[in-house]
Amino acid sequence: MIRISRLHLMRGSKPLFESADLTIHPGERVGLIGANGAGKSTLFAMLKRELHADGGDFDMPASWRIAHVAQSTPALQTSALDYAMDGDVHLRSLQRRLNALETLSQAEQQAHGLELANLHTQLADADAYTAQSRAEQLLLGLGFSMQQMGQPVASFSGGWRMRLNLAQALMCPSDLLLLDEPTNHLDLDAILWLEDWLGRYPGTLLVISHDRDFLDGVAQVTVHIHERKLRRYSGNYSAFERQRAAQLELAAAQYEKQQRQRAHLQSFIDRFKAKATKAKQAQSRVKALARMEELAPLHAAAEFSFEFREPDNAPNPLLRMETVQAGYRSESGDTPIVSRIDFALQLGMRIGLLGVNGAGKSTLIKTIAGEIAPLSGQLTLGKGLTVGYFAQHQLEMLREDDSPLQHLVRIAPQAREQDLRNFLGSFLFQGEMATSPVKPFSGGEKARLALALIVWQKPNLLLLDEPTNHLDLETREALTMALAQFDGTLILVSHDRHLLRACTDQFMIVAEHRLQEFDGDLDDYRDWLFKTRLAKAAAQQVEKEGGADRREQKRLEAEQRQRLSVLKKPIENKLKKIETAMTRAQEQKAPLDAELAGSEIYDPARKERLKQILAQQAQLARELETLEMEWLEQQQALEDLLQQP
């Protein structure tokens with residue numbers, strides 16, 4: 001169990017948390033959300049024990065194994081498969097020790113006979129004999145081919161190295177898994193696989209993500225960092241939005257009511273404070289006004305929004321492709337990726353482009369955008385076609401030493417500077433920020449600038465290849481709203497299912513080197529994915545692991561686990577009963593907390609009911625505290641048992 005009480009935490013001179021409280025129960029899957037800079041990654045650092053709180057209490061079982069995704073990957077010559085397996089540090093340590101003993105002479109090995117026997121037992125407990133196949137399954141799910149698994153880590157790009165780091169974290173046996181934006185470097189197929197994998201993860205999960213569909217699919221609990229507090233909500237991100245909206249509506253009503261009460265008291269004071277006959281009544285109202293708790297007005301964060309400008313032209317069709325072959329040319333010859341493309345892009349079409357990683361989605365978009373020429377066939381562009389193209393690596397195309405204003409001047413040299421400044425201001429590049437170099441900008445700010453440059457050009461065809469990378473939830477929602485109102489034609493590749501659902505009305509798929517219509521929605525695509533590529537990979541693994549040796553290993557593993565089952569069962573039963581009692585107490589306490597949060601309960605006529613609620617709330621709080629202590633004791637007993645040789 002993770003318990004945070006009255007947490008105070010500073011970053012430099014900035015307070016991130018003040019008297020923050022949070023409880024996370026074992027096995028819960030938690031989505032952590034909040035504005036950029038609110039302290040999400042800092043909270044992760046505290047959970048990893050990389051920094052300490054400035055005040056308050058923080059409790060977590062000391063024996064919990066914590067897994068997280070490394071943020072950097074050295075250019076190693078280690079194979080991708082070995083790198084993923086290195087995530088299980090304990091297993092690797094056992095293997096190194098066993099290898100060292102096995103290099104000894106026969107006589108020396110006999111002298112270490114007991115240690116060798118213990119090592120084999122520990123290796124069996126660590127599932128050593130299935131480690132390679134488990135690592136292969138992780139890498140296949142994350143988009144690697146069997147051939148790529150043998151390639152050195154140094155041969156992969158930065159995005160693929162981050163996938164390797166994610167594989168390491170998933171490979172590591174853990175009680176607590178911390179994932180900070182795990183979908184940033186994944187395509188839709190890998191995200192669907194990861195979502196499925198996390199649904200079966202037995203430990204406690206905390207995930208930071210700006211992908212609302214991913215949070216909906218993974219999280220059972222949502223923790224919102226707001227105004228330096230940690231607020232826990234039951235349910236996934238959509239459930240959080242509903243509860244948060246209801247709270248804001250209630251808070252607004254309470255604030256307005258209090259302001260009316262304050263105005264009424266102040267009016268009486270102003271009218272009668274100078275009259276001797278009313279002096280006592282006026283003074284009593286001054287005291288009442290002073291005692292009245294000041295409710296803060298709702299300062300909702302200024303929501304970012306923008307819209308695409310109306311295109312100057314509307315050609316129809318915008319382009320036509322006849323038996324086009326898309327791919328790459330090099331000195332060694334042509335490399336076709338997508339063949340026999342016969343496709344006419346009509347005005348107003350809104351297409352979501354699907355396909356597994358490496359199928360050729362980006363190649364197709366680059367061909368349409370004119371970034372690469374067709375290898376063969378005919379590509380005809382409509383007269384007046386204006387393309388707005390956002391590439392996967394669009395941010396790398398920005399000139400880091402130039403300012404947003406300089407970037408815009410480059411594509412609009414005839415425009416008035418004030419008009420350009422006003423336009424940039426609508427994308428939150430205001431004042432000095434409009435004339436500052438983009439190099440220190442965050443990924444989200446650079447993505448916002450890239451979008452601004454596209455919007456200025458008034459495109460009638462938008463080609464967007466993973467436009468939501470680096471965007472937070474608010475900016476993603478702004479993009480979704482802008483695309484929904486866009487008058488032109490759209491082809492979209494994205495791992496953000498919310499964006500795909502909201503902004504496209506048909507899907508096409510790149511598969512087996514062909515472009516074809518996909519008759520179904522994203523749920524159908526998920527089913528197709530698990531029945532084709534992922535099912536095939538799983539079948540290959542089963543075939544590889546088959547045979548008598550595997551059955552024998554399964555038998556040995558079962559015998560090893562049987563040793564602890566009898567001893568574990570009584571403790572696990574106690575833990576289950578305690579957790580059930582805790583859930584029941586929390587369910588009883590929740591409506592009391594909700595009633596106390598309202599204003600009606602404080603009416604003088606409900607004084608007795610208020611006393612009753614406060615007493616019940618205090619009793620349940622004491623009961624929960626006792627249950628939590630009992631749970632910690634039983635959990636420690638279980639951990640002590642599991643650590644026995």
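Leu529 counts as buried because its relative accessibility is 0%, where buried means under 20% relative accessible area, with a 1.4 Å probe and protein chains only. This is a predicted model, in which local features need pLDDT of at least 70 and side-chain atom pairs count only at pLDDT 80 or more, while totals for chains, interfaces and linings use all residues. Residues are numbered from 1 along each chain as its sequence is written, and side-chain values use heavy atoms, leaving out hydrogens and water.

- Leu529 is found in helix H19, which covers residues 522-531; helices are DSSP runs of H or I with at least four residues, strands are runs of E with at least two, and both are numbered from the N terminus.
- Although 336 residues separate Leu529 and Trp193 in sequence, their C-alpha atoms are 9.0 Å apart in space.

**The chain as a whole**
- The protein chain has 22 helices and 18 strands, and buried residues make up 45% of its 645 residues.
- Of the contacts (heavy atoms within 4.5 Å) between residues at least 6 apart in sequence, 70% join residues at least 24 apart.

**An open sheet**
- Six strands form an open, mixed sheet in the order E14-E15-E16-E12-E17-E18, where two strands pair if DSSP finds at least two bridges between them.
- The edge strands, each pairing on one side only, are E14 (387-390) and E18 (514-518).
- Strand E17 (residues 506-511) pairs with E18 in the antiparallel sense over five bridges, and the bridge partner of Val510 in E18 is Leu515.

Technical notes: Buried means under 20% relative accessible area, exposed over 50%, partly exposed in between (1.4 Å probe, protein chains only).
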